[in-house]
Amino acid sequence: MKIFSNLYQRVIEWSRHKYAPYYLFAVSFAESSFFPIPPDVMLAPMSLARPTRAWDFALITTLASVLGGLLGYLIGYFGYETIVEPIIQTLGYQEQYDKLEEYFKLYGIWIVFIAGFSPIPYKLITIAAGALNMALLPFILISIIGRGKRFYLVAGLMRWGGQRFEKYLYRFVDWIGWGMVALCIVGIVFYKLGLFS
């Protein structure tokens with residue numbers, strides 16, 4: 001089933017659209033505070049399609065993501081009791097949020113860096129940072145560093161690999177896609193069994 005290769009081909013086509021940088025900005029901004037899809041899915045094919053603009057795309061993604069992170073911070077800071085806490089309680093995530101608070105106490109600003117660079121949902125950290133009154137300037141600076149490292153790495157790999165990498169990636173994109181689905185399912189099963197607690 002070549003679902004992922006067809007989707008990948010479509011995203012490559014979108015990435016060549018004249019308004020693609022604006023779409024990239026919007027996705028990057030939204031992902032940092034509420035949107036579930038990471039901007040890498042647009043950044044990578046855009047950098048592949050136009051390698052000479054890869055660094056521009058990484059900059060757009062980084063700045064938009066940090067601005068979106070600031071929105072997430074403000075949601076947590078001003079709307080914890082009215083927006084965030086009711087959602088946490090409705091979804092039954094109070095225990096996980098309490099763990100997140102512990103991580104903030106243990107690791108401080110480093111948890112923002114780790115979430116900014118890694119696949120950990122950055123939006124959760126931005127909202128929690130605001131709710132826990134983390135100092136704003138360090139939050140912004142470490143977000144720029146963490147998000148920047150991630151997006152410049154993605155853009156750099158795509159620029160370096162160019163058309164060779166695109167052909168190679170296209171050959172294996174279905175395997176990678178189904179592998180990610182399998183990993184998500186395994187993660188959910190482990191989580192439900194309490195193996196991550």
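Tyr-103 is partly exposed, with a relative accessible area of 40%; the class covers residues between buried, under 20%, and exposed, over 50% (1.4 Å probe, protein chains only). Tyr-103 sits in helix H5. Leaving out residues up to four places away in sequence, Tyr-103 touches Gly-108 and Ile-111, where contact means heavy atoms within 4.5 Å.

This is a predicted model: local features need pLDDT of at least 70, side-chain atom pairs count only at pLDDT 80 or more, and totals for chains, interfaces and linings use all residues. Residues are numbered from 1 along each chain as its sequence is written, and side-chain values use heavy atoms, with hydrogens and water left out.

**Confidence**

- The protein averages a pLDDT of 80, and 75% of the residues score at least 70; pLDDT is the predictor's confidence in each residue, from 0 to 100.
- Confidence is lowest in helix H1 (residues 3-15), at a mean of 66.
- It is highest in H4, at 91.
- Where pLDDT is low, the predicted coordinates should not be read in detail.

**Overall architecture**

- The protein has eight helices and zero strands. Helices (H or I, at least four residues) and strands (E, at least two) are DSSP runs, numbered from the N terminus.
- Along the sequence the pattern reads α-α-α-α-α-α-α-α.
- Of the 197 residues, 40% are buried.
- Among contacts with a separation of 6 or more, 77% join residues 24 or more positions apart.
- The accessible surface comes to about 12000 Å², and carbon and sulfur atoms hold 71% of it. Areas come from the Shrake-Rupley method with a 1.4 Å probe; for residues, only the protein chains shown count as cover.

**Nonpolar cores**

- The largest nonpolar core has 19 residues. Such a core is a set of buried Ala, Val, Leu, Ile, Met, Phe, Trp, Tyr and Cys residues joined through side-chain atoms within 4.5 Å.
- Leu-100, Phe-104, Val-112, Ile-125, Met-134 and Phe-139 touch the most other members of this core.
- Helices H4 (54-91), H5 (94-107), H6 (110-117), H7 (122-131) and H8 (136-192) each supply at least two residues of this core.
- H7 gives the largest share, five residues.
- Apart from this core lies another, of 15 residues, including Val-27, Leu-43, Ala-44 and Leu-48.

**Helix H7 and Ile-125**

- Eight of the ten residues of H7 are buried, so this helix is largely enclosed by the rest of the structure.
- The buried residues of H7 are Tyr-122, Lys-123, Ile-125, Thr-126, Ile-127, Ala-128, Ala-129 and Gly-130.
- Ile-125 lies in H7 and counts as buried at 2% relative accessibility.
- Not counting residues up to four places away in sequence, Ile-125 touches Leu-100, Phe-104, Ile-111, Val-112 and Ala-115.
- Ile-125 and Ile-111 are 14 residues apart in sequence and 7.7 Å apart in space, C-alpha to C-alpha.

- Asn-133 is found in the loop between H7 and H8.
- Asn-133 is exposed, at 52% relative accessibility.
- Its phi is positive, about 60 degrees, although Asn-133 is not a glycine.
- Most residues other than glycine have a negative phi.

**Arg-147 in H8**

- Arg-147 lies in helix H8.
- Arg-147 is buried, with a relative accessible area of 0%.
- Not counting residues up to four places away in sequence, Arg-147 touches Glu-31, Ser-32, Thr-62, Ser-65, Val-66, Ala-115, Gly-116 and Tyr-122.

**Packing of H2 on H4**

- Helix H2 (residues 20-31) and H4 pack at an angle of about 35 degrees, with axes 6 Å apart. Axes are lines fitted to C-alpha atoms, for helices over the stretch in contact, and angles run from 0 to 180 degrees between N-to-C directions.
- The crossing of H2 and H4 is right-handed, meaning that the near helix is turned clockwise from the far one by less than a right angle.
- On the H2 side, the contact includes Pro-21, Leu-24, Phe-25 and Phe-29.
- On the H4 side, Phe-57, Ile-60, Ala-64 and Leu-71 are among the residues involved.

**Ala-49 in H3**

- Ala-49 is in helix H3 (residues 40-49) and counts as buried at 17% relative accessibility.
- Not counting residues up to four places away in sequence, Ala-49 touches Ser-15 and Arg-16.
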